[in-house]
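Please open the model in a viewer and keep the selection panel at hand.

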Amino acid sequence: MALDLFKKVETRKGLFAVEKITLIYTLLTSILILFLFQEMDHPVQMLVDRVLIAGMTFLLMYLYRLAPCKFSAFVRIAIQMSLLSYWYPDTFEFNRIFPNLDHVFASVEQWIFGGQPAVWFCDCFPQMWVSEPFNMGYFSYYPMILVVVLWYFFFRYELFEKVSFVIVAAFFIYYLIYIFVPVAGPQFYFPAIGADNVARGVYPSIGDYFHHHQELLPGPGYEHGFFYNLVEGSQQVGERPTAAFPSSHVGMSTILMIMAWRGSKYLFACLFPFYLLLCGATVYIQAHYLIDAIVGFISAIGLYIAVTWMFKRWFAQPMFK
């Protein structure tokens, strides 16, 4: 297996599918930055970042020609996937310009359910035996992505580029939604309006409050738990008041489960418990309204079909000649 990874092959010239979709997203958001230049906090730095990402992408393409093999192909794709950690908080730099819409979504949640399931859930089950499994599920989000990608790389390499494209392209579509639908979620909005308003079912508009306030209060649950602290630490570092609707955690994990099922029923069975816990955790830790999770699940099915069609129609090429 190790020798096969580094075995030199006749390379395919040009960009991989995941690199093409990254450059398309880079271009679209660059154009948006130019349109919103006067309203943005640091548009020049954002444009510089995009130039660097584009330059790195082309540099990796040319370096790949010096040692074309499965491993160097994996490095190219892995770097593009790792950039998702940059693109996620980047959505906040756009949507902070627009009026926050949490009052609309919280009101819809109140109208449908007669209250806030995100509050009920954690209030009813603060115990460690509930909190820890849900936080473990939430923390398993990125490891689930890694497991699915690595499984296809080692066992179904002919589908590896397609899988990586589907994941990255689906993320980018969610990110475009987040740019224009600024919803922060209960963990940001409820502290901003106060517990009294939440208890009374009053959800005032807060306008551009999050433009200047990004504080994330400690999440609910068993505060001394191992996984609780892992989730809390990761959120304090990388979370922003953005990307609540629809839930990409639910949406992307559903897409991962579809790909796991199609690749290996054993892989699907191993990931399924984590998937269920992750979906429940999005509401339990108040990262999302329940409607975010529901729409995240529904959107995932349509998104998987659409992005798979995009790959087959416009991007599909053999990894090697």
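Begin by selecting helix H7 (residues 117–124) and helix H16, which pack at an angle of about 105° with their axes 8 Å apart. Helices here are DSSP runs of H or I with at least four residues, strands are runs of E with at least two, and both are numbered from the N terminus. The axes are lines fitted to C-alpha atoms, for helices over the stretch in contact, and angles run from 0 to 180 degrees between N-to-C directions. H7 is therefore roughly perpendicular to H16, a class that covers 65 to 115 degrees, while angles under 35 count as roughly parallel, over 145 as roughly antiparallel and the rest as oblique.

Next, show the side chains at this contact (heavy atoms within 4.5 Å). H7 contributes Pro117, Ala118, Phe121 and Cys122, and H16 contributes Gly280, Val283 and Tyr284. By class, the contact has six nonpolar residues, one polar residue and no charged residues. In this scheme Ala, Val, Leu, Ile, Met, Phe, Trp, Tyr, Cys and Pro are nonpolar, Asp, Glu, Lys and Arg are charged, and the others, Gly among them, are polar.

A note on the source: this is a predicted model, in which local features need pLDDT of at least 70 and side-chain atom pairs count only at pLDDT 80 or more, whereas totals for chains, interfaces and linings use all residues. Residues are numbered from 1 along each chain as its sequence is written, and side-chain values use heavy atoms, with hydrogens and water left out.

Now select the cysteines. The structure holds zero disulfides (pairs of cysteine sulfur atoms within 2.5 Å). The closest cysteine sulfur to that of Cys124 belongs to Cys122, at 8.5 Å, which is too far for a bond. Cys69 has a relative accessible area of 6% and is buried; buried means under 20%, exposed over 50%, and partly exposed in between, with a 1.4 Å probe and protein chains only.

Turn to the charged pairs. How many salt bridges does the structure hold? There are five, each defined by a side-chain nitrogen of Lys or Arg within 4 Å of a carboxyl oxygen of Asp or Glu.

- Select Arg76 and Glu19, whose side chains meet in a salt bridge with an N to O distance of 2.4 Å. Arg76 lies in helix H4 (residues 70–82) and Glu19 in helix H2 (residues 17–35), so the pair ties together parts that are 57 residues apart in sequence. Arg76 is buried at 1% relative accessibility, and Glu19 is buried at 0%.
- Select Glu93 and Arg96, whose closest N and O atoms are 2.8 Å apart in a salt bridge. Glu93 is buried at 14%, as is Arg96 at 8%.
- Select Arg156 and Glu158, which form a salt bridge with closest N and O atoms 2.8 Å apart. Arg156 is partly exposed at 27%, whereas Glu158 is exposed at 57%.

The last selections concern the backbone. Most residues other than glycine have a negative phi, and most peptide bonds are trans.

Select the loop between H14 and H15, where Ala243 is found. Ala243 has a positive phi of about 65° although it is not a glycine, and Ala243 is buried at 5% relative accessibility. Pro246 is found in the loop between helix H14 (226–238) and helix H15 (248–263); the peptide bond from Phe245 to Pro246 is cis, with omega near -15°.

Finish at Gln286, in the loop between helix H16 (265–284) and helix H17 (290–315). Gln286 has a positive phi of about 70° without being a glycine, and its relative accessible area of 15% makes Gln286 buried.
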